[in-house]
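Here is a friendly note to read with the structure open beside you. Take the points one at a time and find each residue as you go.

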Amino acid sequence: MKFTLKDYQENAVDAVLHQLDRAKTLWERDGKMTSLALTAPTGAGKTVMAAAAIEALFYGSTTFDVEADKGAVVLWFSDDPNLNEQTRMRLLDASDRINPSDLVVIEPPFAKPKLEPGRVYFLNTQKLSKSSKLTRGHTEDDSALDFGSAATPDLQGFTIWETIANTIADDDLTLYLVLDEAHRGFNTNASRDKTTLVRKLVQGHAGYPPVPIVWGISATIAHFKEAMAAADTGASGRSALPAVTVDASLVQESGLVKDVVSLNIPNETGNFDTTLVTLAAQRLVATSARWAEYSREQSLTEPVVPLLVLQVPNTPDPDEIGRALDAIAAEVDDLRGAQVAHVFGDHTRQEFGAWDVPWIEPQRVQDTPSVRVLIAKDAISTGWDCPRAEVMVSFRPAKDSTHITQLLGRMVRSPLARRVPGDEALNSVECILPFFDRTTAGKVVRFLTGQLEEMPGSGGSKKIILDGKSLAPNPNIPAAVWDAWDALPTQTLPKRGARPVQRLVALAQALAYDSVVPGALKSVETEMHAVLDGFATRYAAKLDEQIDEVLRVDVQQIVGTSGSTKLSYREFSMRADDRAIRSAFEEAKKAFGADIAQSYVNHLADRDGADDDLRDAYVKASALATVKEVRARVDQEATELATRWFAAHRVAIKSLPDVRQQDYDEIRAMTTEPQRASLGRPRSRVEDYSVVDEHEQVSKAPVVDRHLMSDEDGFFPLSSLNSWEQQVVIAELDQPGALGWYRNPPRSANDSLGIAYRDPQGGWRTMYPDFVFFHEVQGEVKASIVDPHGTHLDDAVVKLQALAEFAQEFGAEFHRIESVAAVGKQLRVLDMKRGSVQQSVLHEPKAAVDFYTSDIAVDYTV
């Protein structure tokens with residue numbers, strides 16, 4: 001893969017491959033048909049995950065420990081050829097092993113008896129219709145050519161249905177049908193044709209067999225189940241394998257989707273369309289300037305050029321759109337007709353007032369930065385992605401809240417596929433709704449924050465803003481507070497399958513790439529060769545035993561005699577051939593990483609020597625990897641060297657562009673245990689100056705001072721805090737010596753203090769304490785963690801334990817580390833710096849609330 005998969009993506013791919021292997025076994029062994037689903041929220045990278053799974057399916061993978069399926073054929077089906085083309089390009093972008101020739105768009109004439117293994121074939125609804133040249137029988141014109149009864153549709157050797165049937169019938173091939181956006185449209189009148197055609201594929205028809213393995217890629221598991229039920233009615237014996245589901249909160253933490261959705265809605269009734277379109281244009285100008293500045297600062301080779309999306313009803317008024325374009329042009333300098341495009345279904349030029357606007361293919365919008373304004377109906381609400389879409393203004397009426405949320409779901413992707421460190425203004429999307437009222441806005445907020453189920457882009461820790469302002473570092477905060485901030489510890493999240501030697505090699509490659517340590521990889525190889533040589537001498541006896549194991553292949557022979565039920569067994573050994581030795585060397589590559597393992601073989605063997613020398617080098621390297629003590633000590637040496645290099649080059653790494661610093665953050669986290677990391681300073685923050693109550697009524701949020709980020713008047717709104725969290729903030733700011741405070745963002749970001757912990761299922765997660773306060777203590781600025789803590793959630797206890805462990809390791813660097821909870825009407829506090837509290841929380845089997853009611857807690861004074 002060209003991309004490094006996020007942990008949640010790697011876990012999902014691993015699970016999908018396991019289910020596909022199970023599905024293949026059930027089909028080949030038992031003739032059992034199956035379906036499985038990969039479901040993930042918008043922006044999770046479903047196509048990237050699919051690319052990784054298909055690459056592993058075709059070529060095998062050491063990462064996922066799977067062998068290549070030499071007979072694998074993938075048939076990728078969607079209802080939109082544009083979506084198929086977008087997917088084809090993404091698969092090419094993501095995989096470094098899948099070639100353009102492996103991705104075949106099925107177009108007539110397509111006269112193949114069978115689909116070929118190692119290929120992904122793209123098919124869409126229209127290609128399976130009765131009028132398609134791929135499917136239809138004789139026409140009168142065809143028969144006039146007098147080819148007789150053997151003539152086939154449009155002079156093709158096979159219909160697409162025959163090709164698919166022949167592929168299924170071939171025992172050497174395994175056909176995997178991928179239903180892209182599988183939740184879409186199976187149960188709507190508008191897509192009745194799709195329902196019928198998918199049913200024909202899945203269920204079989206007219207003597208053609210059903211596809212044995214169906215893999216759905218969908219936004220929601222419920223809709224996929226409905227889709228399969230609709231498509232598979234009447235098919236016998238198809239089993240649904242457990243779905244692979246990606247947690248929305250993990251997607252949000254990854255930075256692949258934007259953190260903030262800002263909704264702009266009129267405060268009163270009236271016709272505000274032109275006024276708010278003007279606001280949209282102003283926001284486009286502002287975000288364009290901000291992205292241009294960031295692109296210059298970071299020397300981006302492809303600067304981000306923001307796009308404004310103008311969403312109109314299905315039967316729009318051309319003059320109304322023209323007036324909107326006039327309002328946009330009044331704010332955006334030199335906006336010309338060529339910079340405006342539409343994606344309407346009729347694909348023709350459109351006249352909107354004085355504007356002559358061309359059509360553009362939806363999948364080309366992202367890569368056409370000359371287009372600054374895009375006019376769309378509801379066709380782009382699903383299946384279309386444009387990460388540079390930063391501002392949207394919708395002429396849809398309030399009753400179309402579902403369309404709004406769906407379109408926002410397509411706009412939440414981060415333009416750089418990563419979070420901009422510390423800059424919420426660049427991690428946000430603007431949605432301007434002239435025809436909505438504040439009550440309906442409350443409903444949209446509930447949709448987008450996941451309070452109503454199954455909405456695209458919902459869930460996670462996305463922040464929804466009704467009355468947003470961009471905040472900057474507070475000029476009233478003393479420099480000593482920022483110095484204290486810079487020294488605070490945070491923790492990385494361990495990575496799945498991390499190996500210390502591979503981490504060290506990745507660090508060396510990065511340091512060499514950035515010219516921080518020229519020749520770093522050669523230096524690492526030399527040092528690790530010396531380490532391996534030393535351990536080979538220290539553990540010589542065990543190494544000799546393992547060399548014998550590598551060179552010996554044990555064989556059991558089973559002999560049966562005709563006419564007898566008895567079997568005889570004979571065991572014997574053979575000397576390993578070169579192929580067996582190369583297979584054993586795969587273990588060395590897993591243990592030491594491919595770079596170090598191969599370079600060590602070169603180190604041992606004389607480059608000009610005989611083949612026996614090279615074979616002996618492979619055997620020794622393979623044997624070393626099987627000596628438990630050697631592997632453990634090599635891992636330790638690699639970890640210690642990486643730690644020294646991170647410390648020695650900390651300042652140089654901090655001076656690199658954001659994208660390079662993110663690479664180092666990922667390398668730092670390539671461990672099986674949490675690692676200490678440093679916090680970055682926030683650059684901008686977007687906060688809501690309005691709040692929505694339980695009756696969906698909107699009012700102004702209370703504000704306080706001394707937050708590290710503030711508006712021009714030095715204030716910060718408390719809109720994101722509940723009532724007792726607000727009490728904690730006010731109480732802490734009333735303490736003597738209070739200098740500042742910080743509302744810790746609840747997501748993985750370089751300006752967010754994170755504490756790693758294991759969830760009840762044993763997986764690694766991160767908790768984000770709510771507040772960091774800064775007080776002057778005996779002439780020194782000291783930080784305190786104060787975390788208002790809910791006791792009702794399933795992970796409440798493990799998060800308390802995480803805070804206790806963090807206090808054990810880093811407590812000396814904080815003035816206080818406290819967890820606060822409401823018990824009835826009283827706030828109670830656990831002082832995590834106290835040893836007795838740590839021991840109780842870590843070792844006593846209690847419910848979370850019981851710790852706060854016990855004598856280890858005290859009342860929190862407000």
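Leaving aside its neighbours within four places in sequence, which residues is arginine 88 in contact with?

1. Arginine 88 is in contact with Leu103, Val105 and Phe122, once neighbours within four places in sequence are set aside; contact means heavy atoms within 4.5 Å. You will find arginine 88 in helix α3 (residues 81-94). Helices are DSSP runs of H or I with at least four residues, strands are E runs of at least two, and both are numbered from the N terminus. Arginine 88 has 17% relative accessibility, so it counts as buried. Buried means under 20% relative accessible area, exposed over 50%, and partly exposed in between, with a 1.4 Å probe and protein chains only.

2. A word on the model before going further. This is a predicted model, in which local features need pLDDT of at least 70 and side-chain atom pairs count only at pLDDT 80 or more, while totals for chains, interfaces and linings use all residues. Residues are numbered from 1 along each chain as its sequence is written, and side-chain values use heavy atoms, with hydrogens and water left out.

3. Now look at tyrosine 59, in helix α2 (residues 46-59). Tyrosine 59 counts as partly exposed because its relative accessibility is 30%. Aspartate 69 is ten residues away along the chain, and the two C-alpha atoms are separated by 7.3 Å. Beyond its neighbours within four places in sequence, tyrosine 59 is in contact with Ala68, Arg97, Ile98 and Asp102.

4. How do two helices meet? The axes of α17 (residues 578-592) and α18 (residues 594-604) come within 6 Å and cross at roughly 125°. That makes α17 oblique to α18. Axes are lines fitted to C-alpha atoms, for helices over the stretch in contact, and angles run from 0 to 180 degrees between N-to-C directions. Angles under 35 degrees count as roughly parallel, over 145 as roughly antiparallel, 65 to 115 as roughly perpendicular and the rest as oblique. On the α17 side the contact is made by Phe585, Ala588, Lys589 and Phe592, and on the α18 side by Ala594, Ile596, Ala597, Gln598 and Val601.

5. Next, the aromatic rings. A pair of aromatic rings is described by the distance of the centres and the angle of the planes. Rings of Phe, Tyr and Trp (its six-membered ring) pair if their centres lie within 6.5 Å; planes under 30 degrees apart count as stacked, over 60 as edge-to-face and the rest as tilted. The count by this rule is 14 aromatic pairs. In one of them, tryptophan 291 and tyrosine 294 have ring centres 5.9 Å apart and planes at 85°, so the pair is edge-to-face. Both of these residues, tryptophan 291 and tyrosine 294, are buried. Phenylalanine 535 and tyrosine 539 make a tilted pair, with 6.3 Å centre to centre and 50° between the planes. Phe716, Trp741, Phe771 and Phe773 form one aromatic cluster.

6. Lysine 469 lies over the face of tyrosine 689, 4.6 Å from the ring centre. Arginine 668 has its charged end over the ring of phenylalanine 646, 4.4 Å from the centre. A charge sits over a ring if NZ of Lys or CZ of Arg is within 6 Å of the ring centre and within 35 degrees of the ring normal.

7. Finally, check a loop residue. Glutamine 778 is not a glycine, yet has a positive phi of about 50°. Its place is the loop between β32 (771-777) and β33 (780-788).
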